[in-house]
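Trainee: Could we go through this structure together before I write up my notes?

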Amino acid sequence: AHAAPMDFSKPPASCGGHSDETEVPSDASGDDDGVGGNPDATLNPVMDQYKSLMGSILGSYPSVFPGMRLHDITSAKTQEHVVTEGPKAFKIRYIDVDTQLLDNNGLIQEHKIGVVECSHKEGNHFMVSHYSHLPVSLSPPSLGSRANPLRVMSLNVWNYNLFGPRLGLLKDLMQGMHLIGLQEVRSKLKVQDNDHSYPGPIDLTYLGASKFQSLALAELRPDMEFVYEPAQMFQEQSQGPYHTVHEGLGVMSGVRILESRVLRLTLDRMDPSDYHQRLCLHTVIQLPHLRHPFHFLTTHLSLSEKARRTTLNQIGEYIKHLQGPVALTGDFNNPLGTNHPLDPSDILWQAGLRDGFLDAGYGGPGQRGLTFPSWSPIKRIDAVYVRGVDVEDFELLGSEPIGCAPGLPPAGECCNGYNGLYPSDHLFPVASLVFHKEHLL
């Protein structure tokens with residue numbers, strides 16, 4: 001699911017108090033005053049508080065709820081938690097409300113509205129989204145501190161190449177991560193079962209455990225939220241029988257995703273090397289101890305150097321206008337930190353982004369950070385760029401293969417009799433991030 005873009009420039013006008021871990025079903029019918037409910041419902045003060053809060057939100061976010069009025073609340077639930085870190089204490093309230101909203105055409109729309117309220121010495125801080133907030137475990141206020149760094153990973157899935165056998169390897173490497181930016185995530189839309197050029201049986205089981213890689217990946221970390229955005233659709237002819245696929249980007253998050261946005265990058269159809277649509281997927285992450293949301297992005301750039309230069313400038317310009325700390329992960333398909341004519345760092349620094357590998361103090365003799373191909377790396381094309389954080393540590397995961405099961409087809413130089421099976425054809429950069437003090441409440 002994707003949340004609609006929110007205006008974080010101001011909080012809702014008011015917010016009533018709510019009881020701890022309260023769940024309130026509603027049998028109120030709507031009326032025309034934008035509050036809703038029959039006379040009996042006014043006897044429920046907790047429901048009145050929810051209605052007051054929803055009225056404030058509708059008025060404070062007109063671009064998201066244009067002209068909408070509250071018709072009814074079908075259910076509402078609150079959990080309140082007090083967390084401490086040394087002398088500091090935070091009260092965090094998570095509120096989920098299932099609403100029926102009346103639009104300008106007199107039609108009723110159902111919206112789930114989630115609210116996070118963080119109370120601290122500077123007052124109450126609100127964040128609002130179309131996501132339900134309650135199912136995900138709470139992130140401690142210390143997340144992103146030196147004692148508990150925020151661990152972010154860039155992971156190129158390598159699409160369906162031996163995907164099923166690699167799932168266990170991927171699951172092991174995902175453990176302990178708070179945010180994962182995914183590239184080459186596919187779904188199989190159609191199999192051309194009349195493809196007589198394929199010598200084997202029409203069986204895609206070895207291509208993956210699921211028709212949708214996003215679902216199979218989400219099952220590896222069920223405690224994480226997942227956002228997937230397809231970028232392109234094409235016919236794959238090199239992995240078994242012909243099949244039509246979507247390929248795109250994903251984000252897995254163990255902390256709250258307030259919303260997701262998609263930056264569609266320029267596609268030059270006159271450039272023979274720029275034949276795939278490219279995106280930058282942007283998720284807005286809620287951490288209760290930050291002044292502003294944390295922006296986590298991932299991208300996968302073109303094989304065309306000309307296209308990479310264009311799209312890097314687009315990404316940099318987009319990030320330049322984001323308020324708050326940022327991490328950009330991705331497969332840049334371009335050598336990093338070298339004498340190559342195009343170094344992404346030369347463009348992204350204009351948006352305040354720094355190469356996490358170098359920021360962590362690496363890059364000296366013998367520290368090249370090469371990421372591709374995993375079985376014999378010769379270039380560094382995968383990265384984590386950051387702003388507003390220090391990189392406490394940096395590592396590359398995915399260099400340990402396992403033996404190949406008999407009968408698996410070769411893929412790249414994996415399973416060819418001597419290299420073994422790797423988690424991907426890319427190694428996975430992991431950066432441990434500590435937020436700058438100016439971003440903390």
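This is a predicted model: local features need pLDDT of at least 70, side-chain atom pairs count only at pLDDT 80 or more; totals for chains, interfaces and linings use all residues.

Trainee: Let's begin with the core, then. Which residues have the most contacts inside the largest nonpolar core?

Mentor: They are Leu150, Val152, Leu179, Phe294, Phe296 and Leu433, in a core that holds 27 residues. The strands that each supply at least two residues of this core are β6 (150-156), β8 (225-236), β9 (243-253), β11 (279-286), β12 (294-300), β15 (382-387), β16 (389-397) and β17 (428-435).

Trainee: And what does Val152 touch?

Mentor: Leaving aside residues up to four places away in sequence, Val152 touches Leu179, Phe296, Val384, Pro429, Val430, Ala431 and Leu433. There is also a second, separate core of 23 residues, and Val430 belongs to that one, as do Leu182, Leu217 and Met252.

Trainee: β17 keeps coming up. How many of its residues are buried?

Mentor: Eight of the eight residues of β17 are buried. Both of its faces are covered, with Phe428, Val430, Ser432 and Val434 on one side and Pro429, Ala431, Leu433 and Phe435 on the other.

Trainee: Which way does β17 run against β6, and how many bridges join them?

Mentor: β6 and β17 run antiparallel and are joined by four bridges, with Leu150 standing opposite Leu433. β16 and β17 also run antiparallel, joined by eight bridges, and there Val391 is the residue that stands opposite Leu433.

Trainee: Changing topic, what is the strand order in the open sheet?

Mentor: Six strands form that sheet in the order β10-β11-β12-β13-β15-β14, and the pairing is mixed. The edges are β10 (256-264) and β14 (354-355), each of which pairs on one side only. Within the sheet, β11 and β12 pair in the antiparallel sense over six bridges, and Ile285 has Phe294 of β12 as its bridge partner. Phe294 is also among the residues with the most contacts inside the largest core.

Trainee: Which residues line the largest cavity?

Mentor: The lining is made of Glu184, Ala231, Gln232, Glu247, Gly248, Leu249, Gln277, Arg278, Leu279 and His300, which divide into three nonpolar, four polar and three charged residues. β8 and β9 each supply at least two residues of that lining, and β9 gives the most, with three.

Trainee: What about the second largest pocket: how much space lies in it?

Mentor: About 310 Å³ of space lies in that pocket. It is lined by 18 residues, of which Glu184, Arg278, His300, Leu303 and Asn333 are the closest to its centre. The elements that give two or more residues to the lining are β7 (179-191) and β8, and the lining as a whole divides into five nonpolar, seven polar and six charged residues.

Trainee: You mentioned Asn333. Where is it placed?

Mentor: Asn333 sits in the loop between β13 (326-331) and α5 (344-348). Although Asn333 is not a glycine, it has a positive phi of about 50°.

Trainee: Why does Asn333 count as buried?

Mentor: Asn333 counts as buried because its relative accessibility is 18%, and the cut-off for buried is under 20%.

Trainee: What is the phi of Leu162?

Mentor: Phi of Leu162 is near 50°, which is a positive value in a residue other than glycine. Leu162 lies in the loop between β6 and α2, and at 2% relative accessibility it counts as buried.

Trainee: And is Asp172 buried or exposed?

Mentor: Asp172, in helix α2 (residues 163-174), is exposed, with a relative accessible area of 55%. Asp172 and Gly398 are 226 residues apart in sequence, yet their C-alpha atoms are 9.8 Å apart in space.

Definitions and conventions: Residues are numbered from 1 along each chain as its sequence is written. Side-chain values use heavy atoms; hydrogens and water are left out. A nonpolar core is a set of buried Ala, Val, Leu, Ile, Met, Phe, Trp, Tyr and Cys residues joined through side-chain atoms within 4.5 Å. Buried means under 20% relative accessible area, exposed over 50%, partly exposed in between (1.4 Å probe, protein chains only). Contact means heavy atoms within 4.5 Å. On a 1 Å grid over the protein atoms alone, a cavity is a set of points where a 1.4 Å probe fits but cannot get out, and a pocket is an open set with protein on both sides within 12 Å along at least five of seven lines; lining residues have an atom within 4 Å of a point. Ala, Val, Leu, Ile, Met, Phe, Trp, Tyr, Cys and Pro count as nonpolar, Asp, Glu, Lys and Arg as charged, and the others, Gly among them, as polar. Two strands pair if DSSP finds at least two bridges between them. Grid points are joined across faces, edges and corners, and a volume is the space filled by probe spheres set on the points.
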